[in-house]
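Me: Could you walk me through reading a few features of a model? I'd like the general idea each time, then the case at hand.

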Amino acid sequence: MSQRAKDRRGASAGSANARASENAPGRDARLDNAKFILIALVVIGHAIEPLTDYGPSGALYYWIYFFHMPAFIMISGYLSRSFDASSKRVEKLVLSLAVPYLIFWALHQTFYAVERGGLPDTLSFLKPTWTLWFLVALFVWRLTVPVWQRLRWPVAISLAVSLFATTTDLGTTLSVGRVLSLLPFFVLGLSLRREHFAYLDRLWVRICSVLILAVTAVLAIPVSDRFSRDWLFWRDSLTDRDIDPIMPSLVIRLTFMGIALAMTFAVLALTPKRRTWFTSLGAYTLFVYLGHSVFLLVFKASPWYDLVSGPVGLVSTLMVAVGLTLVLCTPWVRKAMGWAVDPQLTWLLRQDGKGLAKAKDDASNATPRSEPAPKTSA
């Protein structure tokens with residue numbers, strides 16, 4: 001057989017293997033579609049944040065923040081059900097979340113140092129920068145999976161932990177406030193099973209889903225003018241508010257949780273469950289999540305937001321955000337970012353009798369690879 005024929009045969013085999021991998025029975029097209037939609041909303045929300053003085057931009061920003069991270073977190077919980085805290089799983093967790101966190105923390109801090117002309121206020125890596133709180137939270141949540149799977153009423157217990165935690169000031173170290181505030185969404189995802197998603201295909205559920213998204217879109221207009229965005233960031237304790245931390249603060253927190261949950265299931269119900277042109281892109285949401293933060297830090301320091309405003313500014317920024325999402329999913333960008341997003345630093349890990357775990361962790365199955373600016377965004 002000629003070398004050229006061998007190359008063609010090898011290429012065909014590689015393509016077949018790639019297609020088989022994409023269509024593997026373990027993958028859920030609905031969830032991959034949903035993760036791509038949600039990561040696009042993450043990028044859009046972060047991109048339009050400087051434009052929120054313009055009414056429609058503020059309403060859109062509020063509507064996105066009603067649910068996008070709780071939805072990501074619930075899907076992350078569902079896709080973390082197999083985590084058993086074995087040494088191999090923990091090694092994967094370190095390589096896929098902890099190491100990228102440290103790399104991008106250093107990149108963020110380097111940008112802040114250049115922008116400010118000096119060292120930032122703190123150099124503690126225990127203080128997550130901007131978007132990196134999610135990696136910290138996911139790392140902690142995954143480690144606790146075996147605990148929640150042993151409890152009889154995990155969702156109810158996690159909700160109680162979340163609500164009681166909001167009545168004290170937890171500070172910003174390791175984003176503990178967000179870790180505990182958003183915990184119920186992760187635990188709910190852990191408690192879901194494949195058969196639960198079958199209910200989303202019913203006609204009446206889809207009709208209700210359209211109504212939910214429409215009502216919340218209208219609701220976002222007055223709410224964005226009357227409620228602080230801090231309610232959407234799930235970051236600060238209720239003791240930091242100007243109203244009583246017990247009543248009505250807890251009621252408001254529960255209301256926002258209910259809105260987030262209803263919108264999450266509404267989006268999932270309306271998300272195609274068949275393969276689409278963007279299904280495969282749902283496997284690369286970690287690249288988008290980490291990559292867009294660096295790009296937008298630079299972008300927000302540029303003259304762009306001084307030059308655009310009003311409807312033209314909103315539409316053009318939306319186009320930039322969607323384009324950025326797609327570009328970060330391309331093979332050449334992923335290859336260029338691989339050293340930071342998917343590092344193979346196995347030398348960090350101790351060897352045991354079985355050797356180092358060499359498999360990569362598909363972090364998107366939880367962040368969103370198959371999931372705002374420093375003080376003002378989530």
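Me: Before we start, what am I looking at?

Reply: This is a predicted model, where local features need pLDDT of at least 70, side-chain atom pairs count only at pLDDT 80 or more, and totals for chains, interfaces and linings use all residues. Residues are numbered from 1 along each chain as its sequence is written, and side-chain values use heavy atoms, with hydrogens and water left out.

Me: Which residues touch the most other members of the largest nonpolar core?

Reply: In soluble globular proteins, nonpolar side chains tend to be buried together. A nonpolar core here is a set of buried Ala, Val, Leu, Ile, Met, Phe, Trp, Tyr and Cys residues joined through side-chain atoms within 4.5 Å; buried is under 20% relative accessible area, exposed over 50%, partly exposed in between (1.4 Å probe, protein chains only). The largest one has 102 residues, and Phe66, Phe67, Phe134, Trp141 and Tyr289 touch the most other members. Helix H3 (residues 55-78) gives the most to this core, 14 residues. Helices are DSSP runs (H or I, at least four residues), numbered from the N terminus.

Me: What does Phe67 contact beyond its neighbours within four places in sequence?

Reply: With contact meaning heavy atoms within 4.5 Å, Phe67 meets Leu38, Leu41, Ala260, Met263, Thr264 and Val267.

Me: And Phe134, buried or exposed?

Reply: Phe134, in helix H5, is buried, with a relative accessible area of 0%. Its C-alpha atom is separated by 8.6 Å from that of Arg178, 44 residues apart along the chain.

Me: How do I read a helix pair?

Reply: Two packed helices are described by the angle between their axes and the distance between the axes. Axes are lines fitted to C-alpha atoms, for helices over the stretch in contact, with angles from 0 to 180 degrees between N-to-C directions. Helix H2 (residues 29-48) and helix H15 (residues 310-328) pack at about 135 degrees, axes 9 Å apart. That makes H2 oblique to H15 (under 35 degrees is roughly parallel, over 145 roughly antiparallel, 65 to 115 roughly perpendicular, the rest oblique).

Technical notes: Helices (H or I, at least four residues) and strands (E, at least two) are DSSP runs, numbered from the N terminus.
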